Amino acid sequence: MATEENDEFQQSAKKQKLQSPLTPEACGSLNITKGKGQYLYDQNGEQYLDTAGNGVHLGHAHPRVVEAGSKQMALLCTNTRFLNDCMVLYAKHLCSTLPSHLTQCFFTNTGSEANDLAVQIAQRVAGGTHVIALEGAYHGLLASLRALNSNQVVERDGLYDVSKAPLPVSGSQEHQPNPVEEIVKQQQLQGKKVAGFIHESLPYAAGKGFCSASFLQQAYNAIHSCGGLCIADEVPYGPGCIGSHMYAFQKYGLTPDIVTMGKLVGNGHPVAVVVTTKEIADKFGSCGVEYFNTFGGNPVSMAVANEVLSVVIDEGLQHHSAEVGGHLVESLKGLMKTHQSIGAVHGFGLYIVIEFVQDRLTCEPDTELAEDVKSIMLEAHRIIVTTHPVYGNVLKLRPPLCITKEDSQYIVDSLDSVLTELSS
Ligand code: PMP
């Protein structure tokens, strides 16, 4: 489409409310027509470095994934009333990369559906309705999940009976008493049963950083001692992304009862999954609940996800993520010497956050600066970055894993120049 036609297209889309006000992302006004590797292209062929990934794990249009999906599309694409080899193959492959107690898969299409199902399983299997979530978390868009989230206007408090536990302030990671433990005790005093605890695998709060292993381990002990189930939400990471481990929850040495994964496992194709133990899956099955999801686990999604996992392993992307992510985090930390506005940089592999503050001592968030950085990175440097869904002063980098050291240096140099320009 020519530029003028595109402008018309955008205007008309806006008028017809085809552009949802619920997707205020950095690239909201771009008409992206093509993706390849770590790059996106607009209708004029302009190239953008994609550091937001958001679903694209290996890189856009990875040839092996495209081929696997196309081949299966030509062969069979149907609903999941039938058992299909593709589903069995992927379930086996996925479980072979997870701790040995996690053997049963329920497939869905989105991370939200996966988390909704995970909570249902916890409530049915452990009994009780109370669910504990953490401050700063986002678990999905369904009405049932809204009360678990930190960033939403919740008119009615979702469908669950929820408590929110704060993360410990950084530097006092032991956090005595553990807030999850405290909630469990309070619930027990009221004669209530806690069904489960759900957390993003790497819990994070701006100004506090990522939480410690001991905080989560204490929380798991408290939940398990009252018969509840622990759910690790792996949706935003994807296998190999954090570099040191295949899955993010493994970084903390945790043994979740249920793990949910989404978006990245399909490299942009809608696939999500709930993985749990045989004992839990059997108990859930015996509760008489039939879980049927028309497209969750369809052959095309399964063929795609299976290939994504194979590519992560064959191309050594976990190691690559550790190397490039390590370089990127160190270089970004280096910018803190010249730019006081960067309050903190944290990262594991290619999952990285950059906090902007008005004052490093008080950690007062600078949301306006983060927004300006996001816009100038896009307009002047053709880099797509997004802000954290809960903390507006935080830039979140989760690029496709094929990003190179040269790309990461380009991100650092561009950020350096944007911050210099904005401070002059
Ligand atoms: N959990 C987490 C931690 C997420 O980041 C997201 C999506 N950003 C979801 C769940 C929901 O996934 P989806 O948008 O695929 O429903």
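Visitor: Which residue in strand 15 is the bridge partner of Val357?

Guide: In strand 15 that partner is Pro365, where strands are DSSP runs of E with at least two residues, helices are DSSP runs of H or I with at least four residues, and both are numbered from the N terminus. This is a predicted model, in which local features need pLDDT of at least 70, side-chain atom pairs count only at pLDDT 80 or more, and totals for chains, interfaces and linings use all residues. Residues are numbered from 1 along each chain as its sequence is written, and side-chain values use heavy atoms, with hydrogens and water left out.

Visitor: How many bridges join strand 14 to strand 15?

Guide: Two bridges join them, and the strands run antiparallel; two strands count as paired if DSSP finds at least two bridges between them. Four residues lie between these strands in their hairpin, and Cys363 in the turn has a positive phi of about 60 degrees.

Visitor: And what about strand 13, how does that pair with strand 14?

Guide: Strand 13 (residues 342-348) pairs with strand 14 in the antiparallel sense over six bridges, with His346 standing opposite Val353.

Visitor: Is strand 14 largely enclosed or exposed?

Guide: Strand 14 (residues 351-359) is largely enclosed by the rest of the structure, because seven of its nine residues are buried; buried means under 20% relative accessible area, exposed over 50%, and partly exposed in between, with a 1.4 Å probe and protein chains only.

Visitor: Switching topic, where is Ala219?

Guide: Ala219 lies in helix 6 (residues 213-225) and is buried, with a relative accessible area of 0%.
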